[in-house]
Amino acid sequence: MRRTNQEKYLLIALLVAVAAYATEHHILAAGRAVTLIAAFAFVATIILASTRVAHHAEVLAVKVGDPYGTMILTLSAVLVEVVVLGIMMQAAISPTLVRDTIYAAVMLDINGIIGLAALMGGLLHGEQPYNDDSSRTYGVMILTAMGISMIVPEFVPRESWKLYSAFTIGAMVALYTLFLRLQVGRHSYFFSYAYPRADQRGPLEKHPEADEPALPSILIILAGVVIIGGLAEVMAATLNTGLEGSGAPPALMAVIVAAISAAPEILTAMRAALANRMQSVVNIAMGASLSTVILTVPVMEAIALYTGQPFVMAMTPVQSVMTVITLVVAAINLNDGMTNAIEGMTHFILFATFVMLTVIGL
């Protein structure tokens, strides 16, 4: 009974998924208003389910400690994102959905999470310390990965897209393989910070389930991903029908996918910032951005090669400018081992700019 009560969000998501499959045709035929209400109800349900996936990822993270813990957290979020994105690509043939989703995820993770966390944590604690080796490593990896996969493709001739896609897959795999060796090997100290004894209890150490076997958490994560995948299929169909001809911003679908995967990360990062543990915030936000680019790109490029249908991966001029500004501001703000409310505000303003550009269709 205790386990059932703890997993009530996943059980609700399962019931909603069953009901959605049983009534999908009726919902789609009920008109735009009903379809959109149902679609956003499915989005909310997926977010609830993803919080449970993130919770059990946190339980596993506590067991293994940093930097492995942060890696589990970010990989679980990217897994949810890839599943939702892959299913939505089948329902909506949008050649820019992958590009827009990755771009939105980076804006949400770096500007949204770091901005809000540093702003709130700075107002509460003043300056908050972290290991600046981690931010520099993440930053240069994100810039390299996005440059190779989302800026350079603008200049690749269409007849060479298969060759460049294959190269991109190899480059991303090589980058991430080396990064993992660095993160869990001799340079693992880049991604950790020795907090004073008074701060040793962190936000990831508050799960009483952490003393239980790891197998239940692993099984629940897998079950949660399956449930989320089922809900995503119905959500994609209802969103496509509801938004068709509505004049909604073209990138709205991408923002929704990015928000689904980022929602649990935001909650975890806020708890870390309020507990004066900025290293966890940096690892979560920058690690999630890197994982989104470096793992999503090769999976989607492989799908493109398999189907013979290329995706549009080259960012628009506005997206390129916002990405460069974001990474330059992050390089400056996250270069001294301390964050404050002013630095958080600069990122949060960039996030607000991203939201405004999305609303006006850019």
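Me: Why is Tyr138 called buried?

Reply: Tyr138 has a relative accessibility of 1%, and buried means under 20% relative accessible area (exposed is over 50%, partly exposed in between, with a 1.4 Å probe and protein chains only), so Tyr138 counts as buried. Phe179, at 5%, is therefore buried as well. The model is a predicted one, in which local features need pLDDT of at least 70, side-chain atom pairs count only at pLDDT 80 or more, and totals for chains, interfaces and linings use all residues. Residues are numbered from 1 along each chain as its sequence is written, and side-chain values use heavy atoms, without hydrogens and water.

Me: How many aromatic pairs are there, and what makes the pair of Tyr138 and Phe179 tilted?

Reply: Rings of Phe, Tyr and Trp (its six-membered ring) pair if their centres lie within 6.5 Å; planes under 30 degrees apart are stacked, over 60 edge-to-face, and the rest tilted. The count is 6 aromatic pairs. For Tyr138 and Phe179 the centres are 5.7 Å apart and the planes at 50°, so the pair is tilted. This pair links distant parts of the chain, helix α6 (residues 132-151) and helix α7 (residues 161-184), with the two residues 41 apart. Helices are DSSP runs (H or I, at least four residues), numbered from the N terminus.

Me: Why is the pair of Phe351 and Phe354 called tilted?

Reply: Their ring centres are 6.1 Å apart and the planes stand at 40°, so this pair is tilted. Phe351 is buried at 17% relative accessible area, and Phe354 is buried at 3%.
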